[in-house]
Amino acid sequence: MTDLNGKDGYDRRKFLTGAAVAGVTPALAQMGAPAAAQAQAAKPPHAPSALPPNAKTIAAEIHPPEELSRVGGKPGSDFMIDVIKTLDIKYSPSNCASSFRALHESLIDYGENKSPEYISCMHEESGVAMAHGYFKASGKPLLTMVHGTVGLQHATMGIYNAFCDRVPLIVIGGNDMDAAHRPPGVPTFHAAQDINAIVRDYTKWDDTPVSLQHFAQSMVRAYTIAMTPPYGPVAISLDAGLQQEPIKEHLEKLYIPRYVPTSPPQGDSNAVKEAARLLVAADNPVIVADRVARTPNGVTLLIELAELLQASVVDQGSRMNFPNTHYLNRPAGAIPNADVVLGMELSDFWGTVNTYTDNGEDGVGVNGTRLKPTTKLISITSIDLLTKSNYQDFQRFQTVDVHMGADAETTLPSLIEAVKSAMTKDRAAAIEARVEKAKKAHADIRARELHAATVGWDSSPISTARLCMEIYGQIKDLDWSLVASEGNVSNWPARLWPIDKHHQWLGRSGGYGVGYGAPASIGAALANRDLGRFSVSIQSDGDLMFAPGVLWTAARHKIPLLAVMHNNRAWHQEVMHVQRLANFRNRVPNYGADRGPIGTTIENPDIEYHKLAESMGWWARGPVKDPAQLGAAIKEAVAVVRSGQPALLNVWTQPR
Amino acid sequence: MRYMGMIAAVAASLLVSITGACAASAEKGRVAFREKGCWQCHGYEGQGGANGLTLARTQLPLEAVDVFVRNTDGPMPPFSKKMLSDEDLADIYAFLSAQPVPADPKTIPLLAH
């Protein structure tokens with residue numbers, strides 16, 4: 001037994017034979033000795049050990065089996081793909097994970113990787129932000145799949161941005177819920193009772209379907225809820241077992257519910273009439289728009305309303321709501337002179353009509369008002385219909401005189417009609433008399449902006465005004481779309497570029513979660529690629545470094561985007577914050593060896609973003625520090641993008 | 001009370017000799033503008049931006065700038081003499097005053113249309 005060579009121990013062959021006999025013996029023992037004897041006596045004649053194979057056996061042995069599936073029937077995840085395909089979702093930007101492996105496999109094989117097409121992402125936050133940007137360029141939501149625990153944890157900031165920005169997207173989180181059957185170890189670390197708990201405060205709705213029919217209902221319901229204004233992200237927790245198990249067709253007859261869009265909520269007719277009465281009677285009405293124009297039609301309607309009233313329009317820019325080329329377009333400085341303010345889908349009405357100065361005693365800010373005591377306030381916002389408690393995106397409370405919980409774009413036609421009905425000849429004449437003065441004011445503002453842009457025009461690092469105008473000079477003849485401008489370039493595009501189409505400006509992140517710019521730009525560029533538009537982004541340095549792997553995604557999927565960097569080599573907002581606190585405390589801030597307070601700059605060493613992008617398949621150049629060389633560099637990059645590739649230009653810029 | 005304090009400071013400041021301003025150095029001011037953090041909101045050339053006014057070629061007298069910088073309760077935080085000496089402020093003023101006259105936008109092709 002101890003001799004490994006077997007000389008003095010058991011013979012291995014005899015041992016195995018003995019073991020086999022030993023295995024049979026107890027069974028015979030259970031039958032009892034007489035019965036065992038009878039069984040031995042009744043044995044048929046011994047058959048030959050090898051019969052000649054028949055045709056079926058030969059075929060089975062020399063050909064691969066026709067059916068390799070170990071699943072007894074159609075997998076549940078195939079049905080899930082059937083459901084998803086009815087919703088016409090074009091892409092799924094996702095980072096792969098085992099908890100949705102069945103859905104992943106069904107998508108690319110059973111679903112032929114179409115509607116949705118899988119877009120490979122390096123980070124779940126990138127997948128969500130791509131869906132965010134895609135929607136704003138196309139008006140169509142995407143679906144992103146994530147690991148239900150760690151992947152959803154990565155995705156959370158992107159989901160919060162989408163929630164604050166009222167953008168619909170669908171997040172499916174894989175989760176292996178059956179503790180008795182799921183694999184131990186890592187898959188169990190990556191399982192939870194309720195994965196959606198982490199995003200429930202900033203999603204419109206979530207669900208955990210427990211059957212395939214339940215999934216079909218949840219998916220169509222999720223899409224419907226996400227796409228009903230106010231838009232928002234939704235989440236579905238998807239059990240790994242439910243994905244993998246075959247459809248039990250003898251137990252359930254599955255069907256796919258039909259998607260029917262929900263009509264958006266419209267303002268109450270009495271409230272609309274009262275708003276119209278106030279606006280027509282006003283001598284200086286000001287319309288403030290933040291997310292009014294969900295669609296290009298919203299822009300058309302807002303122009304009609306503004307011209308009816310000859311009202312100034314302040315476009316806060318979360319969407320492109322109103323052309324900056326229109327003579328009624330005004331900066332926020334118009335608000336203090338208003339006698340009626342109509343706020344439409346404002347994310348912060350209080351902040352619109354009040355001031356907060358971060359320079360008070362003991363570091364507490366000072367509140368003030370921008371309004372005259374008699375100014376009347378009207379609010380039309382669907383955000384009132386989607387208010388949660390924990391996260392404070394609803395901002396400070398502002399009392400208004402007419403308060404409509406309704407979608408502004410949907411309410412505009414009835415408000416326009418109500419204004420027409422309320423208009424008298426006298427009021428129409430008074431309103432018409434404002435036109436020339438308004439046109440002159442608009443021209444004056446434009447002239448001041450142009451003069452402001454000239455200050456520091458030839459500076460190095462390059463001024464943000466020069467940066468923006470050099471970009472515009474190279475794209476102005478294209479059907480361009482400024483898909484994002486993260487980091488602060490002093491709002492020069494809105495001040496100087498003629499923006500009169502809805503897709504020419506897609507707005508900001510919503511929740512101001514840094515890291516939105518790069519992935520959202522690429523998501524929007526994906527949509528614009530299919531729509532034949534030229535995408536450009538002004539890409540800040542700090543934003544890019546949160547998840548730069550999305551650059552690879554753009555190259556991998558041939559998404560053309562011109563990313564011109566606003567590389568001021570700092571998280572500049574924080575540079576100023578720390579300096580401010582040092583001033584309040586009368587302490588000279590510690591800059592270390594840098595330009596700004598320690599911990600706020602991105603230098604020593606400087607990051608070579610062009611090399612970073614180049615390493616992931618982009619055409620890239622830089623750093624460009626001389627303003628005289630910038631135009632030619634952008635021109636070259638534009639040509640690359642027009643050939644279908646992404647291009648990045650690393651430009652050293654002034655802080656803002 | 002804040003305004004009262006500011007008025008008193010203005011009065012005191014107006015009594016200050018402008019000798020310092022006369023001896024000020026624009027080149028030293030360029031360095032001080034960067035070292036003291038002014039560039040953060042106003043840009044390296046004082047061109048201004050989203051968070052700071054244009055300071056280049058300011059038309060305000062140094063005395064008024066001094067009062068504002070020491071006492072502001074607006075969006076800009078105040079700079080004490082510990083953080084920004086009178087000499088540094090005078091140099092910065094000289095630097096901002098020496099900024100070139102911006103070109104007419106009509107002469108810059110990118111702004112002309």
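**In which sense do strand S17 and strand S19 of chain A pair, and over how many bridges?** In this predicted model, S17 (residues 562-566) and S19 (residues 647-651) of chain A run in the parallel sense, and three bridges join them. Look for A:Val564, which stands opposite A:Leu649 in S19(A).

**View 2: Five strands make up an open sheet in chain A.** Follow the order S15-S16-S17-S19-S18 across the sheet, where the pairing is parallel. At the edges you will find strand S15 (480-485) and strand S18 (619-624) of chain A, each with pairing on one side only. On average, neighbouring strands here are turned by 15° against each other, direction ignored. As a reminder, strands of a sheet pair through backbone hydrogen bonds, either parallel or antiparallel.

**View 3: Helix H19 of chain A packs on the sheet.** This helix (residues 517-531) touches S15, strand S16 (534-540) and S17 of chain A. Compare the directions of H19 and S16(A): they make about 180°.

**View 4: S19(A) is largely enclosed by the rest of the structure, because five of its five residues are buried.** A:Ala647, A:Leu649 and A:Val651 point one way from the strand, while A:Leu648 and A:Asn650 point the other way. Buried residues therefore line up on either side, so S19(A) is largely enclosed.

**View 5: S18(A) and S19(A) pair in the parallel sense.** Four bridges link these two strands, and A:Arg621 has A:Leu649 in S19(A) as its bridge partner. Trace the chain from S18(A) through helix H24 (residues 627-642) of chain A to S19(A), and you have a right-handed β-α-β unit.

Notes. Residues numbered from 1 in each chain as written. Chains lettered and ligands numbered in written order. Predicted model: local features only at pLDDT ≥ 70, side-chain atom pairs only at ≥ 80, totals over all residues. Pairing = 2+ DSSP bridges. Axes fitted to C-alpha atoms, helices over the stretch in contact; angles between N-to-C directions. Contact = placed C-beta atoms within 7 Å. Buried ≥ 20, exposed ≤ 12 C-beta atoms within 10 Å, placed from the backbone. Right-handed = clockwise from strand over helix to strand, strands pointing away.
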